[in-house]
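Here is a friendly walk through one fold, written for someone who likes cut-offs stated alongside the values. Please have a look at the model first.

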Amino acid sequence: MSSATAALPHRHVLTVPTLPAAVRVVRETAEMTFAEWGIAAGHPALGPALLILSELVTNSVRHAADTSPSLTVTFAAGDDTLAFAVHDRHPHHPGVLAATAGGGLAVIAEVMTAAGGTCVVRRDADGGGKSVWITLPLQPAKATP
């Protein structure tokens, strides 16, 4: 984890079984957690964050469930940054996420880039898993007239 991400004052960690229901649980937890941090409905970062989270968790459920009975999501935020990671114990490392990757990874790359975000994939020290970290800029929600 970078020192910038480690310095974010808000943090929440959720571990769930690597089952299809995890997508809903993670999304609902994200919505509640982000709302507590002031990133609620109408905030420009919320939609991209929820879509990316849903895709990352779906990928873990589809591809890592056999080797990773649970997955962990870390949420973090500061005044101008929202960061989150999905960790599983599958050894496949997707490399750099690009819109040409295909499937869910392409969706993640496209949404992340459009939102001005970044992605880092970090291998576990033993090589048996990885965390996909997404960082999105937080800009104030536009006031509704």
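The notes below go from the sheet to the helices and then to a few side chains.

This is a predicted model, in which local features need pLDDT of at least 70 and side-chain atom pairs count only at pLDDT 80 or more, while totals for chains, interfaces and linings use all residues. Residues are numbered from 1 along each chain as its sequence is written, and side-chain values use heavy atoms, with hydrogens and water left out.

**The sheet**

An open sheet is built from 5 strands in the order 1-2-3-5-4, with antiparallel pairing. Strands (E, at least two residues) and helices (H or I, at least four) are DSSP runs numbered from the N terminus, and two strands pair if DSSP finds at least two bridges between them. Strand 1 (10-17) and strand 4 (118-123) are the edge strands, each pairing on one side only. From one strand to the next the twist averages 15 degrees; axes are lines fitted to C-alpha atoms, for helices over the stretch in contact, and angles run from 0 to 180 degrees between N-to-C directions.

Strand 4 joins strand 5 (residues 130-137) through 6 antiparallel bridges. Thr118 has Thr135 of strand 5 as its bridge partner, and Arg123 stands opposite Lys130. The hairpin of these strands has 6 residues between them, and there Gly127 takes a positive phi near 75 degrees.

**The helices**

| Helix | Strands touched | Angle |
|---|---|---|
| Helix 2 (residues 21-36) | strand 1, strand 2 (70-77), strand 3 (81-88) | about 165 degrees with strand 1 |

How do the axes of helix 2 and helix 3 cross? They come within 9 Å and cross at roughly 150 degrees. The two helices are therefore roughly antiparallel to each other, a label given to angles over 145 degrees. Among the residues in contact are Val26, Ala30 and Phe34 of helix 2, and Leu50, Leu53 and Val57 of helix 3. The contact residues divide into 12 nonpolar, 2 polar and 2 charged; Ala, Val, Leu, Ile, Met, Phe, Trp, Tyr, Cys and Pro count as nonpolar, Asp, Glu, Lys and Arg as charged, and the others, Gly among them, as polar.

**Salt bridges**

The whole structure holds 4 salt bridges, each a side-chain nitrogen of Lys or Arg within 4 Å of a carboxyl oxygen of Asp or Glu. One of them links Glu28 and Arg24 at 3.4 Å, N to O. Because Glu28 and Arg24 are 4 residues apart in helix 2, about one helical turn separates them.

Conventions
Contact = heavy atoms within 4.5 Å. Parallel < 35°, antiparallel > 145°, perpendicular 65-115°, else oblique.
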